[in-house]
Amino acid sequence: MIPMNSEPDVPLRDPPSQSGEEEGPSAAEQAKAIEQPPPQPVEITADTNLSELSAAQMYELNQAHETADVHRPLIAEIAPIAELRAEYENGSTLFVQQIDNLESQGYSSIRRTRAVAFAYVEQVLKSSDPPLAVATTLSTLEGTPALLETVGYQNLVFDDFYSVLVQLVRNVTIPDELGNKLTNQTLLEAFQSPAESNSIVVYMRMLTSAQMQLNAENFAPFLFHPELGEPMEVKEFCENFVDAIGKEADHVQMTALSQILRIDISVAYLDGRSEQLDFVKFSPEETTSSSPIVLLYRPGHYDILEGSYS
Amino acid sequence: MDARLRRVNKEIADCKNDKTSNITLDLVDNSPFHLKGSFPGPEDTPYQGGIFEVDILIPDAYPFQPVKMKFTTKVYHPNVSSASGAICLDILKDAWSPVLTLKSTLISLQSLLCSPEPNDPQDAEVAKHYTTSKGSFEETARYWTHIYAGGPGTKQSKGSAGRDEVAIAGLEQAHVDQFESLGFPRNKVIDVLRRLNYRGANVAQIPEDRIVEELLKV
C-alpha cells in the first residue's frame, strides 16, 4: 500500500531519458523544450487543492499515479475504509470529510483493484441466484464478439481475451477441470495473475471502444483530447484513449461500458472539491443488474466500495 | 500452450493466409518470439520498388506490451535512424494497444514511409534534409532504396559501379569536390557537409569559411 502523503515523490513529468537514440526524447521534443519555457512546475502534495489544477495537470497526475504503483498487487483483499481515511489524515480535510460522508452512507470497506472488471465477475459470484446470473451474463457476453468484428477487430486479437472472461463467469456454476468452482479466493487469484487480469481488462476496453464506435453519434460530442482539449473523432479517440492500456476511463468510457455490459455502475468521486461526495450513476436503458457496482474514484483509478452488509 | 505463443502463432498463420498485403513474417533462429518481417515500399514514394526488412522481438508480456521493431534494411527517412534502424512511431511506445498485431504494425510502418513526420524525428539530420530540400531528400531516399532495399536505379547510379558515398549522404558532387580540392579528406568533407545540411537554399546561407572552420575542427 502506498500512503497518499508519499505521493509528492511522483514526478509530474518523466525526467528526460538519456538512454540513447531509441528511448530518448526526439530532437524536435528537445528543441520544443528549449523554445518554450516549461510551465511553472507545480509541486503537487497531499495539500494541493486539486480543483486548482488544470485539466491537463489532472490528466498527467492521474497517468503518473497509474504507472507509479507498479509494485501494488493488481487487486487487493477487502480493507476497512478507515485505512483509506488514514492515508488522507495529514492532507486535505475535504478528502477526509468526503470519506466520512461515504462511511456514514454504509460504505465501510474498499477493495483496491482493477475495479469494473473484478466487480463485474464478483457480482455474478455473489448473486442470490448464481445460475440465473451466469446465464444472463453469458447471454450478454456471447453477443459481443460479433459486435467487435463489426467495428473491425480481428477475431484472433480478442478470442483469447473473450474466452478467459467467459471461462471465469462459467466457473461460478460449472467446475473447472480440477473439479473446483469459482470462490472468492480463486477469483482474487485470477485477477492477481497478470495474464488473466490483463486479458479481461483489455476485453472490457475493447467492448467500451466497440460501444462508442457503434453509437458514434451519441458519444462524439463528448470526446476531447485529455491534454489538448480539442474535439476528437470517435475512432481516433478509441484507438488512443480506450484500446491502449493504462489510459484512464472517464465518464464517457464508463457510460459506454455500462451500456454494452447492461450493468448499473455508481461512482463516488473522491476529488477533495467539497465536503459533499457525489455519486454519479451510469444506468443504461437495458440493464440486467439487480444492484449497481459501486466504485470509488480517486485521481488515478477506481476502487470498489463495499457496504457494511458484505 | 501459453497465451502469448498461441497469439503469435495465430498472427503468423493469418499473415501467411493473407495474399494481398505482401507482408511476410518469418522465424529467426526457430524462435516464434524473434521474427523477421518485410513489406514492399509504398507506391509513389521514394521507397517504391524496395523490400524493407524489420527485426521483431516479442516481449514476455505481449500483447500487453508493445512489440519491439527496428529496420534492418537501411532506410532514409526522418522517423528512422539512418544508423541503427530505430523507429519513432507512437504505437511502438505509449500508444500501443493489444488490439494491434504484428501485421497491422508492419502496415503502420509502411504508412510511416508514405507520410514522414519531420516534426517528431528519429534522425534529426535526415529530418533537416527533408524540410530544407524535399526534392534532394527524395533523391537520396530513392538511392538508399536502390542500394539497400533492392529498388530500381536512380540517375546518379546508372552506369557507375559501387556505392556513391556522396549520393548516400544526399550531397552534390560539385560541393564535395570543391572542398576536397582544398586538401581535406573526402570522407571528412562528406561528414561535415552532411551535418551542416549543405543542401538546397542552405548552400547560400552557409559561408565557405564556416565549412572550412568545421573541417579544421574534426
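Helix axes are here lines fitted to C-alpha atoms over the stretch in contact, with angles running from 0 to 180 degrees between N-to-C directions. The model is predicted, and local features need pLDDT of at least 70, side-chain atom pairs count only at pLDDT 80 or more, and totals for chains, interfaces and linings use all residues. Residues are numbered from 1 along each chain as its sequence is written, while chains are lettered from A in the order in which they are written.

In chain A, the axes of helix H10 (residues 194–214) and helix H12 (residues 234–241) come within 9 Å and cross at roughly 170 degrees, helices being DSSP runs of H or I with at least four residues, numbered from the N terminus. H10(A) and H12(A) are therefore roughly antiparallel, the term for angles over 145 degrees. A:Ser209, A:Met212 and A:Gln213 of H10(A) meet A:Val234, A:Lys235 and A:Cys238 of H12(A), where contact requires C-beta atoms, placed from the backbone, within 7 Å.

Between the chains, 23 residues of chain B are in contact with 19 residues of chain A. On the side of chain B that touches chain A, helix H1 (residues 3–17) of chain B gives the most, with six residues.

Within chain B, an automatic or database domain assignment gives domain 1 (3–114) and domain 2 (124–217). The centres of these two domains of chain B, taken over C-alpha atoms, are separated by 30 Å, and their contact takes 15 residues from domain 1 and 14 residues from domain 2.

How values were computed. Helices (H or I, at least four residues) and strands (E, at least two) are DSSP runs, numbered from the N terminus. Angles under 35 degrees count as roughly parallel, over 145 as roughly antiparallel, 65 to 115 as roughly perpendicular and the rest as oblique. Two residues are in contact if their C-beta atoms, placed from the backbone, lie within 7 Å.
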